[in-house]
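This report concerns the sequence and predicted model shown below. Please read it with the structure open.

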Amino acid sequence: MDLESALRLALDRGEFFLDYQPILSLSDRSLQGFEALVRWRRPGKGVASPKDFIPVAEDTGLIVPLGLWVLEEACRTMVRWQTDFPQVLAMSMSVNLSAKQLTQPTLVEDVERILRATGLDPHALKLEITETVIMDNPEVSILRLKRLKALGVRLSVDDFGTGYSSLSYLQRFPIDTLKVDRTFVSEIEANENRKIVGAVVALAHSLGLDVVAEGVELEAQSAVLTDFACEAGQGFLFSRPIAREDVERMLDSGG
Ligand code: G
Ligand code: G
Ligand code: MN
Ligand code: NA
């Protein structure tokens, strides 16, 4: 069976699940929220990484129903955590949106419907869109992002620094957060990257955005980021993406 047919069946059979990677406030290491990351449990083949199936899901359009499933599952989980762990009321759930999803004319209605169906406060949801996707068609993206913002959801630019946003566009995107790509964070100890990350954080702050650093693996990286007043970090130093049950254990023990 080809991958497309296998993906189609997997959606019907409920073979997808989400892991959640904690996002921490850098100043005090408190939990700021989570990023939902999809995985596929293939019968007899173990767990497949999104890197291996998201591109095919994009090409075939299956990303649209899969993305809606991810969104609904993440919202449902967040509502459950908010109910069981009061500290989660101050946190956010981040969900990735792919290029194909952003071009769907029904995207805004779909997000609205899922928020209503799950009962999640829109403010607790953050949608992550890569810089490249927005820049593919900036005018349409801006309109659609404005309509998403009007629902009350928050928006992040993912993998910032890997594409090329003109700075004038960045100012026109109705976004809340920049996520600095981990390629910059991984070599932040090198002088050049340190300057780039410092400049990106300063630029973000001057535009009223907060910053999440991706791929934080070392205390030294966290220290540099904290010096730049970068608000939050995500990475193996704090936690890998973990299963729902592991998040619940963490929240149960006060995390
Ligand atoms: O944890 P990691 O291997 O899971 O993620 C690999 C890549 O897959 C990342 O670039 C991430 O943004 C992407 N990804 C993970 N989950 C989703 C999802 O639900 N939708 C989309 N569009 N991309 C995702
Ligand atoms: O593209 P996106 O940033 O949404 O995807 C997150 C991806 O980065 C996932 O594959 C996740 O497992 C991975 N990841 C998360 N934290 C780290 C980290 O500290 N180092 C590295 N190398 N990868 C990470
Ligand atoms: Mn992301
Ligand atoms: Na990213």
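The account below takes up strand pairing, helix packing and the surroundings of the ligands in turn.

The model is predicted, so local features need pLDDT of at least 70 and side-chain atom pairs count only at pLDDT 80 or more, whereas totals for chains, interfaces and linings use all residues. Residues are numbered from 1 along each chain as its sequence is written, while chains are lettered from A and ligands numbered from 1 in the order in which they are written.

**Strand pairing**

Helices (H or I, at least four residues) and strands (E, at least two) are DSSP runs, numbered from the N terminus. Two strands pair if DSSP finds at least two bridges between them. The table lists pairings with their bridge counts.

| Strands | Sense | Bridges | Example of facing residues |
|---|---|---|---|
| Strand 1 (residues 16–25) and strand 2 | antiparallel | nine | Asp19 and Leu37 |
| Strand 1 and strand 10 (residues 242–243) | antiparallel | two | Tyr20 and Ile242 |
| Strand 1 and strand 9 (residues 232–233) | antiparallel | two | Ser25 and Ala232 |
| Strand 7 (residues 177–180) and strand 8 (residues 210–213) | parallel | four | Leu178 and Val211 |
| Strand 8 and strand 9 | parallel | two | Ala213 and Gly233 |

Strand 1 and strand 2 also form a hairpin, with five residues between them. Within that turn, Arg29 has a positive phi of about 60°. Strand 9 is bridged to strand 1 in the antiparallel sense and to strand 8 in the parallel sense.

**Helix packing**

Two packed helices are described by the angle between their axes and the distance between the axes. Axes are lines fitted to C-alpha atoms, for helices over the stretch in contact, and angles run from 0 to 180 degrees between N-to-C directions.

Helix 1 (residues 3–13) packs against helix 2 at an angle of about 90°, and their axes are 10 Å apart. Helix 1 is therefore roughly perpendicular to helix 2 (angles under 35 degrees count as roughly parallel, over 145 as roughly antiparallel, 65 to 115 as roughly perpendicular and the rest as oblique). Leu3, Glu4 and Leu7 of helix 1 meet Phe53, Val56, Ala57 and Thr60 of helix 2, where contact requires C-beta atoms, placed from the backbone, to lie within 7 Å. This contact has five nonpolar, one polar and one charged residues. Ala, Val, Leu, Ile, Met, Phe, Trp, Tyr, Cys and Pro count as nonpolar, Asp, Glu, Lys and Arg as charged, and the others, Gly among them, as polar.

Helix 5 (residues 107–118) and helix 7 (residues 138–151) have axes 9 Å apart and pack at an angle of about 20°, which means that helix 5 is roughly parallel to helix 7. From helix 5 the contact draws on Leu107, Val108, Val111, Glu112 and Leu115, and from helix 7 on Arg144, Arg147, Leu148 and Leu151. Six of these contact residues are nonpolar, none is polar and three are charged.

**Ligand surroundings**

A residue is near a molecule if its C-beta atom, placed from the backbone, lies within 6 Å of it. The shell around ligand 1 consists of Leu37, Val38, Ser49, Pro50, Lys51, Ile54, Gly67, Val70, Asn96, Ser98 and Pro241. Strand 2 (31–42), helix 2 (50–60) and helix 3 (63–84) each supply at least two residues of this shell, and helix 2 gives the most, with three. By class, the shell has six nonpolar, four polar and one charged residues. Leu37 belongs to this shell and also stands opposite Asp19 in the strand pairing.

Around ligand 2 there are 13 residues, the closest being Glu214, Gly215, Glu217, Gly235 and Phe236. Four residues of the shell around ligand 2 are nonpolar, four polar and five charged.

Definitions and conventions
Contact = placed C-beta atoms within 7 Å.
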